[in-house]
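Student: Let us go through the terms one by one. I want each label set against its cut-off.

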Amino acid sequence: MTDHTSPLSARVTVPAQLPLPTHADIALWRPATPADIDAIWELEKAIGRADHPNYVLEREEVGEVFAFSFVDVATDTLVALDAGGGMVAHGLVLLQVGQETLVKSNLTGGVLPTMRGRGIGRALLNWQVARGRQQLATSHKALPGWICTSCDERAPQNGRLYEAVGLVCARYFLSLDRMLADPIREVVVGDDIRLAGYTAELSNAVHAARDAAFMDHWSSQPLPDESWNAYVTGRSFVDELSFVAFGTAPDGSEHVVGFIMSSVNEEDWAAAGYRSSYIGLVGVLSGWRGRHIAQALLAAQLAASRAAGHERATLDVDAASPTGALDLYTGMGFFATNRELAYVLEF
């Protein structure tokens with residue numbers, strides 16, 4: 001068992017400078033710049049078509065990395081160019097800012113499918129793990145330190161690559177769909193609970209509720225304001241498909257006790273073959289669970305998504321969630337379609 005009583009800076013050792021990878025097929029390795037956003041997006045779309053063909057990374061998500069104050073693109077990103085200047089691989093190593101119970105470094109990126117099987121991915125991943133170790137070593141907190149990444153089960157070669165450098169599959173996340181042509185269950189909540197549509201004025205209150213509600217979820221930490229604001233003001237976020245539950249306290253005051261947050265990425269529709277909304281967040285404060293709030297929020301979202309002309313609603317859930325979320329979703333008519341595998345290297 002890993003000893004977490006000493007600070008991470010004492011447990012994780014890495015060189016001060018990381019050498020760039022070398023590979024015969026790569027003419028240049030360098031940090032990414034904002035001028036690379038479109039090239040990274042095109043690369044991610046090619047990776048998606050091969051590894052997870054039913055959903056697409058948005059260009060906005062690629063661009064956010066260059067705007068966040070907590071990302072040092074000069075040290076946290078890497079792109080690989082071939083002799084013709086084409087981008088064939090990219091990687092991001094992101095140290096999570098919120099660190100209440102865990103210090104976590106997330107790895108994302110990949111290799112152009114037509115260039116796989118040559119060792120480029122292994123060279124990139126070795127650099128990413130080393131950069132993740134550097135990030136963890138900057139922390140003086142006596143907390144667990146994780147280097148994390150994930151892959152769709154339809155891309156098992158990625159999982160084998162992660163395992164080859166020491167990461168272990170630690171959790172499964174299920175992708176669930178709900179057919180909106182099916183009847184939507186009517187859900188009744190208590191008189192002290194009120195549902196309302198999400199508005200921008202509620203952003204701070206819902207953000208605080210999200211952080212509180214998710215603290216008992218696996219590996220979850222508070223979201224920095226920049227990440228939250230980018231999410232709720234993003235092009236794909238849809239206020240009309242997002243809802244908030246208010247609970248009444250004994251003194252008559254109301255506060256947010258639950259929420260459901262949704263987005264729509266029309267580029268997913270062509271890839272998936274149907275029109276859909278994506279439920280990114282569902283949460284209920286621990287003291288208010290067991291009162292059908294989550295079911296009521298889901299029913300509201302499903303009805304709104306159907307009215308918007310969508311055929312399905314989709315979401316992802318931790319298969320081992322201690323809140324019983326999987327049973328809740330299947331009870332509301334959702335069914336599993338794919339699995340995402342989470343890999344961890346723990347310090």
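Student: What makes Lys104 a contact of Gln96?

Tutor: Contact means heavy atoms within 4.5 Å. Leaving aside residues up to four places away in sequence, Gln96 touches Lys104, Asn106, Gln221 and Pro222. This is a predicted model: local features need pLDDT of at least 70, side-chain atom pairs count only at pLDDT 80 or more, and totals for chains, interfaces and linings use all residues. Residues are numbered from 1 along each chain as its sequence is written, and side-chain values use heavy atoms, with hydrogens and water left out.

Student: Why is Gln96 called buried?

Tutor: Buried means under 20% relative accessible area, exposed over 50%, partly exposed in between (1.4 Å probe, protein chains only). Gln96 has 14%, so it is buried.

Student: How do you know that Gln96 is in a loop?

Tutor: Helices (H or I, at least four residues) and strands (E, at least two) are DSSP runs, numbered from the N terminus. Gln96 sits between the runs β3 (87-95) and β4 (103-111). The protein chain has 11 helices and 12 strands.

Student: What share of the protein chain is buried?

Tutor: Buried residues are 50% of the 347.
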